[in-house]
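Let's take a walk through this structure together, one piece at a time. Keep the picture open beside the text and look up each place as we come to it.

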Amino acid sequence: MRKNKLLIILFFLSLNIFSQIKIKGIIKDVTNKPLLGVNVVLKKDSLNILEYTFSNREGDYLFDIHHHEKLFLEFSALGFKKESISIYLEKDSKEIIKNIILKEQSFELDEIIVQSEKIIKVKKDTVEISVNKFLTTNDATVEDLLKKIPGISVDSQGTIKIGNQEIEKLMVDGDDFFEKGYKILSKNMPLDQLKKIQILQKYSNNRLLKGIEESDKIALNLVLKDDAKRQWFGNASLSYDVLSTNKYHLKSYLMNFGKKNKYIFLSNFNSIGYNATGDINHLIKPFRFDEPASIGDDQQVYSLLNLSSSVPNFKSNRTNFNNAELGSLNAIFNPTEKLKIKALGFFNWDETDFFRNNIDVVNVNSSNFTNTENYQLKNKKQIAFVKLDFMYAISKTKTLEATTKYNNGSFTNISNLVFNGNSTLENLQEKNTLLDQKITYTNKFNDQKVFLLTARFINEKAPQNYSLN
Amino acid sequence: MKVMKKKMLIIFLFTFLNINSQEICGTIEYEVKGYKTIYFKMIFNDNFSFNTEKEVKLSDNEKETHKSEGSVTNKIIEGRRNLTPIFLYNDKQNFYFNEEFIDGEIAVVKEDKITWKWKILSETKKIGNFTCQKAQTTFRGSAFTAWFTNEIPVPFGPWKAKDLPGLILELFDSNEIMHITATKVTLKSKEKCVFPINEKTLKKAVSIQSYLNTQKKKDKEYFARLNSKLPKGSKPFKLAEDCEDCPKEIKLENFNEKK
């Protein structure tokens with residue numbers, strides 16, 4: 001009887017031990033020498049490591065595991081070819097022996113710079129930010145992204161500030177379109193081709209002046225992915241007043257950025273008093289304050305005559321009855337690494353009307369009189385503007401920049417004033433042609449010395465005619 | 001008989017060649033961000049790793065003062081007094097490192113035989129070109145996370161970290177007292193690693209326990225010397241571990257901790 005009981009207990013125990021399975025083996029090289037310190041990894045699948053061990057001096061390895069159906073054994077050692085064998089554990093197996101012979105394999109790595117994922121890199125005056133760490137699916141434009149980067153703030157107007165300082169410009173792959181008018185870009189450009197953002201401190205417009213010019217300017221540069229596909233993106237908005245006055249506003253941006261060429265089309269048609277040229281004024285006359293060796297920026301033919309009306313105290317767009325049409329094309333080409341061509345053209349057609357009716361009734365003592373004034377002013381404006389920039393990097397220390405601008409404007413102003421029944425007709429016709437050529441040569445001798453040579457030719461004609469009736 | 005001899009010779013030559021061609025030597029550079037950022041360079045083959053500081057600079061003492069209600073805590077960080085670079089040497093059997101005492105003396109310490117028991121997670125990420133897998137463990141009271149790559153199958157890593165089935169490229173503790181990242185990796189085959197380690201210095205190595213005892217003794221001596229210079233009537237400085245109300249410092253290594 002006693003014997004029987006014992007047997008049963010033993011049986012149970014042995015069942016328990018049963019579920020533990022030993023996996024072991026000897027690892028040797030081709031010459032039958034046991035290998036010490038080989039990594040042996042027991043895996044469920046390619047990612048899930050169950051257990052790992054190292055072989056001992058005799059080349060032995062051993063795992064004690066619970067039951068699993070299918071497993072992989074992976075053997076790896078420096079200088080040997082990685083081996084992997086799959087093992088299948090039967091339910092009743094206690095021990096599995098897998099011996100293996102590893103073959104030598106030379107393994108060489110040239111110096112690999114790892115720099116494990118740093119989101120923000122600081123190099124001298126450049127801060128580089130990898131974009132994808134900040135991206136979420138909700139982000140649509142560059143502005144959304146910039147808001148999330150510590151140190152950069154974007155206010156409700158779209159002004160981008162780094163610390164407390166507004167950025168000088170927002171570039172795409174080092175190419176600049178808008179200078180201070182970067183908001184068009186930051187509010188519209190999508191993010192999916194973007195790789196990183198660079199904050200360029202102590203920025204100089206002329207790259208050779210970097211470090212020489214005393215500058216506290218900051219610029220942002222959006223670096224596109226190396227394999228960035230060209231992609232059209234843009235924004236169009238149309239508003240139309242259906243009620244009475246046929247007022248409308250159509251605005252569109254269309255941009256295409258590739259690694260080599262970049263295009264931007266802007267158009268604006270409106271009759272709501274919006275001054276569309278304001279958007280592109282900085283493109284025509286870039287205002288660069290304190291730019292070294294810049295000459296002739298203040299040269300201008302002043303017009304002597306001007307027909308304008310005194311405007312009542314309303315917002316300017318409420319008294320500006322216009323019909324403006326504006327189209328602009330910007331392009332940047334980089335045919336070779338050294339040459340960059342920027343082209344800009346725009347055409348603006350505008351018609352503004354202004355009416356004023358005045359009735360003054362004056363009562364002084366017993367005498368009184370009434371003045372009636374009926375004033376009409378009609379402006380017609382046509383401007384065509386072309387600008388071409390060539391930038392040629394002769395060598396690392398020499399650059400040649402040439403800028404050609406051509407502007408052709410014609411303005412017609414007609415005013416009609418009927419004062420107490422007497423009519424005065426004024427008629428002014430203006431024509432303006434401007435040819436502006438500027439060549440800048442920069443040669444950097446050393447870290448402190450740079451030679452800048454600027455030549456500029458400006459030919460501006462502004463004839464005015466005036467007739468009074 | 002003569003024929004036999006010839007055969008033997010040929011076989012011998014072959015094995016010799018085989019051993020030679022197996023030689024691979026790697027270097028990895030680490031950036032160790034802690035109280036200060038220091039740079040380490042580690043050379044390793046399949047049997048050893050030798051990790052040492054790249055540039056050694058002397059530094060002055062630094063003083064930090066924290067004022068809170070009613071009490072002022074002065075924290076003095078002792079500057080570096082000597083130019084002996086820190087090294088950590090792992091030959092798979094033993095682990096040696098050197099440490100500077102408060103008076104500038106250097107001790108070579110033989111680490112206790114500890115295997116780091118890692119829990120390997122299925123998370124992966126790319127560090128450089130290497131696919132790395134995440135692993136976690138606790139060591140002397142701190143929780144560590146490591147990213148290692150099986151593409152370089154050696155059980156070595158920065159600082160004292162080891163025993164993973166691949167080279168550790170990133171290591172940090174949960175309190176971010178230390179964050180180590182690899183910056184450069186090179187592997188060369190058919191090149192013997194030269195470990196600039198003197199067998200004599202390793203023989204002189206003391207155990208962790210005796211190192212800790214000496215450290216405590218030297219710290220006490222230092223405080224005694226500090227206190228002897230204090231003006232009369234002022235309260236003596238106390239070692240943080242000897243005072244009850246001192247703020248507990250979070251340490252990377254707590255030697256009392258069993259795990």
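Strand β19(A), residues 232-240, runs antiparallel to β20(A), residues 248-257, and nine bridges join the two. Pick out Asn235(A) and look across: the residue standing opposite is Tyr253(A) in β20(A). β20(A) also pairs with β21(A), residues 261-270, again in the antiparallel sense and over nine bridges. Here His249(A) faces Asn270(A) in β21(A). Between β20(A) and β21(A) there are three residues, and the two strands form a hairpin. As you follow these strands, remember that side chains in a regular strand alternate between the two faces of the sheet.

Now move back along chain A to an open sheet of four strands. Their order is β3-β2-β5-β6, and the pairing is antiparallel. Which strands sit at the edges, pairing on one side only? They are β3(A), residues 49-54, and β6(A), residues 83-88. On average, neighbouring strands of this sheet are turned by 20° against each other, if direction is ignored. Inside the sheet, β2(A) (residues 39-43) and β5(A) (residues 70-76) run antiparallel and are joined by five bridges. One pair to look for there is Asn39(A), with Ser76(A) of β5(A) opposite.

Chain A also has an open sheet of three strands, in the order β12-β13-β14 and with antiparallel pairing. Its edge strands are β12(A), at 152-154, and β14(A), at 165-166. β13(A), residues 160-162, is joined to β14(A) by two bridges, and Ile162(A) stands opposite Gln165(A) in β14(A).

Most residues other than glycine have a negative phi. Asp173(A) has a positive one, about 50°, although it is not a glycine. Is Asp173(A) buried, exposed or partly exposed? Being buried takes 20 or more other C-beta atoms within 10 Å, and being exposed takes 12 or fewer. Asp173(A) has 18 C-beta neighbours inside 10 Å, so it counts as partly exposed.

Over to chain B, which has three helices and 14 strands. Buried residues make up 23% of its 259 residues. Take the contacts in chain B with a separation of 6 or more: 45% of them link residues 24 or more positions apart. Chain B has a positive phi to show as well, at Arg140(B), which is not a glycine; the value is about 45°. Arg140(B) is found in the loop between β10(B) (130-139) and β11(B) (142-149). With 16 other C-beta atoms within 10 Å, Arg140(B) is partly exposed.

What about the nonpolar cores? Nonpolar side chains tend to be buried together in soluble globular proteins. The largest nonpolar core here has 54 residues, and those with the most contacts inside it are Ala146(B), Phe148(B), Leu167(B), Ile168(B) and Leu169(B). Leaving out residues up to four places away in sequence, Ile168(B) touches Ala146(B), Phe148(B), Gly157(B), Pro158(B) and Ala161(B). Another core lies apart from that one and has 31 residues, among them Leu145(A), Phe178(A), Leu194(A) and Val223(A).

Next, see how the chains meet. In chain A, 25 residues are in contact with 32 residues of chain B. β2(A), β3(A) and β9(A) (109-113) each supply at least two residues of the side of chain A that touches chain B, and β9(A) gives the most, with four. The residues on that side of chain A divide into twelve nonpolar, nine polar and four charged. Strand pairing crosses between the chains too: β9(A) and β13(B), residues 179-189, pair in the antiparallel sense over three bridges. Find Ile113(A), and opposite stands Lys184(B) in β13(B).

Finally, a word on confidence. The model scores ipTM 0.71 and pTM 0.49. Chain B averages a pLDDT of 77, and 76% of the residues score at least 70. Over residues 13-21 of chain B, though, pLDDT stays under 50, and the model has four contacts beyond four places in sequence for that stretch. Where pLDDT is low, the predicted coordinates should not be read in detail.

Terms used. Residues are numbered from 1 along each chain as its sequence is written. Chains are lettered from A and ligands numbered from 1 in the order in which they are written. This is a predicted model: local features need pLDDT of at least 70, side-chain atom pairs count only at pLDDT 80 or more; totals for chains, interfaces and linings use all residues. Two strands pair if DSSP finds at least two bridges between them. Axes are lines fitted to C-alpha atoms, for helices over the stretch in contact, and angles run from 0 to 180 degrees between N-to-C directions. pLDDT is the predictor's confidence in each residue, from 0 to 100. Two residues are in contact if their C-beta atoms, placed from the backbone, lie within 7 Å. Ala, Val, Leu, Ile, Met, Phe, Trp, Tyr, Cys and Pro count as nonpolar, Asp, Glu, Lys and Arg as charged, and the others, Gly among them, as polar. A nonpolar core is a set of buried Ala, Val, Leu, Ile, Met, Phe, Trp, Tyr and Cys residues joined through C-beta atoms within 7 Å.
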